[in-house]
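The sequence and the structure are shown below.

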Amino acid sequence: MRAIWLIAKATFHEAWRRRFLNGILVFGILIIGSSWTFTYLQPGAELKMLIDTGLGAIRFFGMLIAIFLGVRLIPDELEKQTIHTLLAKPVTRAQFMLGKFFGGVATVFANVALMGITFFIVYTIKASQFQKIAAEAEEGATYTMIFMSANIAKAIGLAFFELTVLVGIAVLASILFSWILGAIFSFFIYFVGQMADFLRELSSPEHGADPVSSIIFGVLYRILPHFEIFDIREKILMDDLVPWSLLGNITAQAIIYIVVILMIGYLVFNEREV
Amino acid sequence: MAKIYTHDLEGNPVGLIDLSLEVEEGQIFGLVGPNGSGKTTTLKLFLGLIFPTSGSGEVFGYPLGSPVYKERIGFVPEGPYFYDHLNAVELLRFYGSLFGLTGPSFQDRIEHLLRLVGMWDRRDRKVADYSRGMLQRIALAQGLINDPDIVFMDEPTAGLDPIGAIQIREVIRQIRNEGKTVFLCSHLLKEMEPLCDTVAILNHGVVCRTGTMRELLADEDSCYLATFRGLSESSLQQLQSLAVSVEQQQEDTYIGNFRDQNSAVAAAQALATGGVELLELHPHQLSLEEVFIEAVGGIPQ
C-alpha cells in the first residue's frame, strides 16, 4: 500500500505540470463559468439549459483530461526511464501500475471537482433568477434548490466514476499499444460505449442484420462499458428524483469494470519488458 | 543466461548470448565492453526489468525480479531522469519511503548522502533545474538511500566534470571499503582500471575474459623497461646488443626492453662505465585498454 500511495502522490503532482491538461481544464472552467450566456437559446427553460450545458461540459472536458492523462501515465515513465529506478526498488509491477492509475484518478477527481465547483457557483448565482423566469413562463414550474443541487451533485459524482473507468481504459490501451493508438482506441471505446443501447438494438434478430454482424454487435454490447448509464442529465431535466439505489448500482458496475480492466492491464504489463 | 533480441542477416543471435558471472562480496566488479555489447542488458536482467530468453540468475539467492532482494540492492542508472517537481531532499525522501524508511535516522541518512555526493548546498533546487552532472550525483545518492549490500551502477561518471568524476570514484571506493559490493558497467577503461578489483570483458554478448585486475594486467611475457640518457653511438650499439629491443623516446633518451630484471641491471652497469645514465627501470605491465583490445579481437579497420 505504501508504494502505491507514494507513486500515486508523485503521479498526481507530475500531472499538474502538464500544460496541455491544464489548458483543457482552464478552457473547461471558462466554458462552464460562462455557460449561463447560452441560456438565451431556450427562453423559459434557462435553468434546464444551464444544467444541461454545465454538466455536459464537465463530462466532455473531463473525458479529454481522462484520456490524454491516462494514455501518458505509463508511456512517459517508459520513455524517460523513471520506471527503472522505481522497479529497482522493492516495488512490484502491480503496485507501480496501481499507483499510476490511482494518481491519474486523483488528478481527474481534482479536475472534476474544480469544474463542479465552478458550475455550482454559476448555478447558485443564476438559479433564482432563472427560477422566476420559469415560474412566469410556466404555471407551477418551480424548482427546489436543494433538490436540484443534490441531483447535480449526484450527476457530477457519476461523471467522476465514468471518467475513472475511462482512465482505466486509457491506461490499458497505452500498455497494449502506443499512447497515440491508445488515445484513439479510448475515444472509440468512449463514443461506442455511449451508444450501448443502439448496439443492443443492432444485435437483435428483429433488426434484420446478417448473423455475423448481429454476433459482432452482440459481443460489443456485452464487453464494452455502457457509458450512457453515467449520464443522468435527462432525469435531472425532467425533475425526476435520482435514487441512491441507482447511484449504487451504476457505481458497482463501474467498480467491477475497473477491476477487470486493471487485471487485464496487470497481466499484460507483468510480462512486458521495460 | 541469455537474452536474445533478434538474429542478424546471417542468422546469428543478437543480444546477450552467454552470460555467466559470479560476483564476490565486498568487491568492485567491473563489466566492460564496447557499446552494444550487452552491459545495460545485463543490468536490466539483474533488476528484473527484462526477462532472460534462457537460463536463470539469482541475487542473494532470490530469482531475478523478486522484490525481496531489491530491499538490499541499489541502482544508479546512466543518464538518469527523475520526477522533476521534487528537490534533492524530497527526491531522496520519496525513494527512501519506498523502502519504508522514516524518522530522524532517515533524515540523517538523507543529509549524509547529499553531503557525500556534494549536493547538500543545492538541496533546495528542483530536479528540473539540474545539470547532467547534478543528476548523476543525485542518482548515486538515491542508489545508496537504503544502505544497500550491492550497488548496480551504469556509467556512474558519465556527464561529470573531472573533479566530479574523481569524487564519485572516491565514493565508490568508500562503498567497497564498507564491505559492500559494487557492480559497475562502463566503457571508460581508464576509469575502471584503478577502480575495479575484478573485471569481465563483454563483447557481442559474450564474456570473453574475466579475472582479477592483477590477473588480467599481468603480462605473460613480462619484461623490464629501462630508460637511458647520454648514449654515444658506441654505447647505443652496446645497448642494442644487450636488450631485446630499443626504442628512442627523446633526442638523447632511449628505452631498452629486457627479458628480466637481472639482464636490465647488468646492461645498466655495463653502460654506466661509458657515462650512460639510467633514468628509470620498471616492469612492463599491460593496461586494461590493451587487454580489452586484445580480448575483443583488435581495433576494427
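**Basis of the description**

Two strands are taken to pair if DSSP finds at least two bridges between them. The model discussed here is predicted.

**The sheet of chain B**

Chain B contains an open sheet of four strands, arranged in the order β12-β13-β11-β14 with antiparallel pairing. Its edges are formed by β12 (245-250) and β14 (277-283) of chain B, each of which pairs on one side only. On average, neighbouring strands in the sheet are turned by 20° against each other, direction ignored.

Six bridges join strand β11 (residues 224-229) of chain B to strand β13 (residues 253-258) of chain B in the antiparallel sense. Within this pair, Leu225(B) has Asn257(B) of β13(B) as its bridge partner.

**Helices packed on the sheet**

Helix α8 (residues 233-242) of chain B packs on the sheet and touches β11, β12 and β13 of chain B. The direction of helix α8 of chain B makes about 20° with that of β13(B).

Helix α9 (residues 261-272) of chain B also packs on the sheet, where its contacts are with β11, β13 and β14 of chain B. The direction of helix α9 of chain B makes about 10° with that of β11(B).

**The fold of chain A**

Chain A has eleven helices and zero strands. Its radius of gyration is 21 Å, close to the 19 Å that the globule rule gives for 274 residues, so chain A is as compact as a globular protein of that length. Along the principal axes, the C-alpha atoms of chain A fill a box of roughly 70 × 50 × 30 Å.

Of the 274 residues of chain A, 41% count as buried. Among contacts in chain A between residues at least 6 apart in sequence, 81% join residues at least 24 apart.

Note on methods. Residues are numbered from 1 along each chain as its sequence is written. Chains are lettered from A and ligands numbered from 1 in the order in which they are written. This is a predicted model: local features need pLDDT of at least 70, side-chain atom pairs count only at pLDDT 80 or more; totals for chains, interfaces and linings use all residues. Helices (H or I, at least four residues) and strands (E, at least two) are DSSP runs, numbered from the N terminus. Axes are lines fitted to C-alpha atoms, for helices over the stretch in contact, and angles run from 0 to 180 degrees between N-to-C directions. Two residues are in contact if their C-beta atoms, placed from the backbone, lie within 7 Å. The radius of gyration is taken over C-alpha atoms; the globule rule is 2.2 Å times the number of residues to the power 0.38. A residue is buried if 20 or more other C-beta atoms lie within 10 Å of its own, exposed if 12 or fewer, and partly exposed in between; C-beta atoms are placed from the backbone.
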